[in-house]
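Q: I've got a structure open and would like to talk through parts of it. Can we start with the backbone and then move on to the helices?

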Amino acid sequence: MSRRHFLAASSSAIVAGALAQTEKQALETAPSSKLALHGGEKTVKQSAKLPIRWGEPERERLNMMLGQDSLFYWKGPQTTLLIERFKKVCPVKYVMPCSSGTAALHIAVAAAGIEPGDEVITSPITDIGTVIGVIYQQGVPVFADLGASTYNLDPADVERRITPKTKAIIAVHLCGNPCDLRALKALADRHGLTLIEDAAQAWGAKYRGQPIGTLGHLACFSLQNSKHITCGDGGLVGSNDERFGPLLQKSGDKGFDRVKGALFESFATNYRMSEPQAAVAAAQLERLEGIVSKRARLGNLLTERIAGLPGVLPHQAHPEDRCGYWFYMFRIKPDAFRCERAEFVKALAAEGVLASPGYIPVPLHRNPVFLKHGFFAGRWPVREFGLTKMDYTKHQTPEAEAILQTGVHVTIHEAMTEEYVEGVAEAIRKVARYYAA
């Protein structure tokens, strides 16, 4: 090579290197790549406030209710309409409207005949209302581990925890994501157990095309203020099973059989719903399909947009199911990023994403009341009487622990647009790229 060619080649290399360095610096300092946390441009600029969730349909039902001579639930026109509309969403023969989702679960557990010392296997990541009824019936909650990205019961771990004392399984469809009901039902059938679906967060969800609540022996729904549809607080419990369905009404009405009358043959709490609640809930059910179909579309879109992102585990929903995304949760791999989860979430929030760390602080059995076995005035009679040896200080669910330590909660609701969710996905990609190890 001549001296002239050498100098020309060297100069070109220097120029190219300088240009590449300049482009890199420009990319790093561009508004689109600089974190909003550090003064960069915010990725999500739209607001996503939840709309007013009630209006003329609810007002119409309430106005009709005001013309009634009774607001009692039994054969009340609002309650009758609520049951009729609920059966279109969840086709079951027997339905009992009640005062809350927790009440619905207690009714289901009572109808299932849970006795002192009976074990009920369920999820450690759920609202405590899932197990309150079990404890009040003097049953023993047993917490099985979860799928890494479904956040639902792992059927294999459920089977490992079945003992001669096991009486039921409560499958929690967390976030509106259907559990593996086929596998859980097979387990229940093989071991003679009752399968109860906790569908509090799963309004309108579908398992392999079938409505949630129709595959288990009993199904429980919540109408609490934060749920897909609401009447402030309320619930419904339903069943197609002839062993349990006829027991639902009296299990939520002090043990009194409103059909047959006569003397009390069983004992139960009073969980009755009133006509004003039923009026609002009946109107809300007419909104359900639009709400859930929109959330399902947006949640799946977010999964598509962050799939394959190094260090990020998207929310896993089966392609043949419909997840209602009461909220969306993805996980981050701690060793994939140069930051703790708290800073990752803080950066997302600065980008305009409605995000928070995890869901509940710890698995249910890590709460003091479980660790101290102090359910009834600081005591637990079934343990003291030798009906169980359960010790929650030794109870282990490692995947559930990891989910709560690495999960990132992202708000999804029907007022959001696809453009907004695209922005959320871009913000997640931006933050993940910045902190990548």
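Q: Which residue just after helix 11 takes a positive phi?
A: That is Gly352, with a phi of about 100°. Keep in mind that this is a predicted model.

Q: OK, and helix 11 itself: which of its residues are buried?
A: Helix 11 covers residues 341-350, and Arg341, Phe344, Val345, Ala347 and Leu348 are buried there.

Q: Which exposed residues are on the face turned away from the buried side of helix 11?
A: Ala342 and Lys346. Here is a rule that helps: an α-helix has 3.6 residues a turn, so residues three or four places apart point the same way.

Q: New topic. At what angle do helix 4 and helix 5 pack?
A: About 40°, with their axes 8 Å apart. Helix 4 is residues 101-111 and helix 5 is residues 129-136. That angle makes helix 4 oblique to helix 5. The crossing is right-handed.

Q: Which residues make the contact?
A: Helix 4 brings Thr102, Leu105, His106 and Val109. Helix 5 brings Gly129, Thr130, Ile132, Gly133, Val134 and Tyr136.

Q: How do the residues of that contact divide into nonpolar, polar and charged?
A: Five are nonpolar, five are polar and none is charged.

Q: How many residues of helix 5 are buried?
A: Six of its eight, so helix 5 is mostly covered. The buried ones are Gly129, Thr130, Val131, Gly133, Val134 and Ile135.

Q: What covers them?
A: The cover includes helix 4, helix 12 (368-371) and several strands, among them strand 2 (119-122) and strand 4 (166-172).

Q: Back to phi. Which residue just after helix 5 has a positive one?
A: Gln138, at about 65°. Most residues other than glycine have a negative phi.

Q: Where does Cys175 lie?
A: In the loop between strand 4 and helix 7 (181-191). Cys175 has a positive phi of about 65°, although it is not a glycine.

Q: Is Cys175 buried or exposed?
A: Cys175 counts as buried, because its relative accessibility is 0%.

Q: And Lys254, what is its phi?
A: Near 65°, a positive value. Lys254 is in the loop between helix 8 (248-251) and helix 9 (275-285). Lys254 is partly exposed, with a relative accessible area of 41%.

Notes: Residues are numbered from 1 along each chain as its sequence is written. This is a predicted model: local features need pLDDT of at least 70, side-chain atom pairs count only at pLDDT 80 or more; totals for chains, interfaces and linings use all residues. Side-chain values use heavy atoms; hydrogens and water are left out. Axes are lines fitted to C-alpha atoms, for helices over the stretch in contact, and angles run from 0 to 180 degrees between N-to-C directions. Helices (H or I, at least four residues) and strands (E, at least two) are DSSP runs, numbered from the N terminus. Angles under 35 degrees count as roughly parallel, over 145 as roughly antiparallel, 65 to 115 as roughly perpendicular and the rest as oblique. A crossing is left-handed if the near helix is turned anticlockwise from the far one by less than a right angle, and right-handed if clockwise. Contact means heavy atoms within 4.5 Å. Ala, Val, Leu, Ile, Met, Phe, Trp, Tyr, Cys and Pro count as nonpolar, Asp, Glu, Lys and Arg as charged, and the others, Gly among them, as polar. Buried means under 20% relative accessible area, exposed over 50%, partly exposed in between (1.4 Å probe, protein chains only).
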